[in-house]
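Colleague: I am new to this structure. Can you walk me through how to read it?
Modeller: Gladly; let us look at it together.

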Amino acid sequence: MRIATKERAYNNRSYSAAVRCARILARNRESIAVRSDDLAAANLTRIIDATLRLSNKKGFHSTTVRDLAKASGLSMGGVYSYVASKDALVSMILGEVLATVDEVLAAPPPEVAADPRVHLRWIIEAHIRLSDAMEPWFVFCFMEAKSFPSRERRMSVEAEAMTEGLIGAIITRGAAAGVFDIGEAGLSAALIKPLLQDWYVKRAKYRRRGTTIEDYIAAVTGFAERALAAKPLEARRRA
């Protein structure tokens, strides 16, 4: 069974940097000095785009506000009009990623949530497609987490636990319904989570292998279902 999520929620246009930064602007409006929404959104997009590029190249810890100003085409004063500090910038980026993950993964369609096996397939595909659409954002949050300020580091840990909790709850329901045959749902969820992260953390590896996103979704789904001893949908329907 194929879950039709791609066009509904994971197209790159819907999750472009401009859309993400408009949401960040709305969430942080009181702390941003520039009053024109159009100008503020455009420049915030330039700052965050520069942050993600430089962090991927040299690491966020080594990136200075002067670097961000040069890469974004703004003055240092211009950068400070939008972000009071590098810590504030981390909070903006991380906050948007966590909000988006929560909005997408915690709200499956009713027909999906009704069947644990379909739900597991859906959440695997949803996570991979979402991280693909927002790859630089997800990479930043994963690679820089250890150097985050304490509050943001705690948010990152809690977010990972939330995602594992969603997967674990699906597995628990599936085991109770006889769909999955597994002993420890929490541990199983913790083992599935790194497979989802691998798509964006080690993308170069999969490019070299010629692995498409469709290939990867199918592989992770099949691996998870075999590990959980999932019963085929057809057999369940006959039963």
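Colleague: How many disulfides does the structure hold?
Modeller: A disulfide is a pair of cysteine sulfur atoms within 2.5 Å. This structure holds zero. This is a predicted model, where local features need pLDDT of at least 70, side-chain atom pairs count only at pLDDT 80 or more, and totals for chains, interfaces and linings use all residues. Residues are numbered from 1 along each chain as its sequence is written, and side-chain values use heavy atoms, leaving out hydrogens and water.

Colleague: Is C21 buried or exposed?
Modeller: Buried means under 20% relative accessible area, exposed over 50%, partly exposed in between (1.4 Å probe, protein chains only). C21 is buried, at 0%. C141 is buried too, at 9%.

Colleague: How do I read two packed helices?
Modeller: Two packed helices are described by the angle between their axes and the distance between the axes. The axes of helix 2 (residues 17-27) and helix 6 (residues 86-105) come within 10 Å and cross at roughly 105 degrees. Helices are DSSP runs (H or I, at least four residues), numbered from the N terminus. Axes are lines fitted to C-alpha atoms over the stretch in contact, with angles from 0 to 180 degrees between N-to-C directions.

Colleague: Which residues of helix 2 and helix 6 make the contact?
Modeller: Contact means heavy atoms within 4.5 Å. Helix 2 brings R20, R23, I24 and R27, and helix 6 brings M92, G95, E96, A99, T100 and E103.

Note on methods:
Helices (H or I, at least four residues) and strands (E, at least two) are DSSP runs, numbered from the N terminus.
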